[in-house]
Amino acid sequence: MAVWAPFNLAAEPVPIKIGVLSFRTAEQTRTQWAPTAEYLNVAIPGYRFQMVPMNYPEIDRAVTEKTIDFVLTNTAHYVTLEANFGVTRILTMVVSIDGHPFKEFGGVIFTRSDRGDINDLSDLRGKTFLAVGANSLGGYLVAWQTLKRAGINPQHDFAKLLFNGLPHDEIVYKVLNREVDAGTVRTHVLENMVKEGRIKLADLKILNQQKVPDFPYLLSTQLYPEWPLARLQHTDETVVEKVIVALLTMKPGSPAAVTGKYARWTPPLNYQGVHELFKELRTGPYQDFGAFTLGDVFHKYLKEIVFLIIFMACVLLFLAKIIHLNDSLRKALSEVKTLRGFLPICSSCKKIRDDSGYWNRIETYIRHHSEAEFSHSICPDCAKKLFDRYNDSVTAKEMATANKEAARKTRDD
């Protein structure tokens, strides 16, 4: 047993999970895709492929947690996964409709044929409009893009914008029953309902009808690629290559293709147009596309902003210094009043003659022509004259007495 154990372990097939978007019950989806998983198990020995039905949140969670290796989902959801999680398309599914292969699809905008007031897209203003869902590519987004390019904003220009959910058939019935004025569905839905005898095409009027070579179905919008099969970033390259080869070499009419309702697989188409649609409508992974936030400003102009902040700080410091100097100068000027010009002064008594010809004592003149105040005192020479006993031993008390007398005399004047 010890000898054979390594060989038994090596023989165990490697599990590979493919998440499949499920619009119906899990059992119905599993039944539809189980033959494709079995085909891969036979075509690629050593691996065990399993198709896992999932809804949108389940696929998003599985991609985030890396619990699946591939994902098969609708075009709009794939583009969201590509933008948010970096999944990569490896193949595009070619659907089979009435035995004919189609790699692209679009939308049809229509109303009742007897609506004489609705003949083109502009006539839809003020009308009620019904679609599958706000995030449905074929059931609304392609129609929204077409309406937008015609100058119509569905959120504002319609009397009511309504969403009914799946199936698409219900949109057609509600338009025919006059419950709404107009609606939109995925391409080939109308033809399929006519083929099954459920409606008459003559009862409907197609708006903005387009003609595209090799596309036989009614169409009002651009065409976009069908569902892609995508790999996750962690998926082994060897497995990816083997899956691509196996599906591209699948024989026409294979039981897996018939049950899966597809004709074959083709190298991946260009899905950039879907990215552009989301950007144009600013929805899905690009709902903030074109918005320039404060964070974007700092991210793009960080160096310039730092330089500007430093420059403004220097300017503010310089202005603060100037303001401080001006305040200091203003304060100094308020404390100083300068006498200018020639002053006529008496050479004997030292009185000064003013502009009116009057002679003023020097302290009176200066007080009137400046903001200076005098505090009188007596110098030693004058003290000798006044007291006739000045000598080197004049006491401080005697000097203070003389100064007080001089100050009193100044006040009296």
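A residue is called buried when its relative accessible area is under 20%, exposed when over 50%, and partly exposed in between (1.4 Å probe, protein chains only). The model is predicted, so local features need pLDDT of at least 70 and side-chain atom pairs pLDDT 80 or more, whereas totals for chains, interfaces and linings use all residues. Numbering starts from 1 along each chain as its sequence is written, and side-chain values use heavy atoms, without hydrogens or water.

The protein chain has 16 helices and 16 strands; these are DSSP runs numbered from the N terminus, with H or I over at least four residues for helices and E over at least two for strands. Of its 413 residues, 37% are buried.

Strand 7, residues 107–112, is mostly covered, with six of its six residues buried. Strands are taken as paired if DSSP finds at least two bridges between them. Strand 7 pairs with strand 10 (residues 182–186) in the antiparallel sense over five bridges, and with strand 11 (residues 204–207), also antiparallel, over four bridges. Ile 109 stands opposite Thr 184 in strand 10 and opposite Leu 207 in strand 11.

Contacts, meaning heavy atoms within 4.5 Å, can be sorted by sequence separation. Among those in the protein chain between residues at least 6 apart in sequence, 71% join residues at least 24 apart.

Phe 318 counts as exposed because its relative accessible area is 54%.
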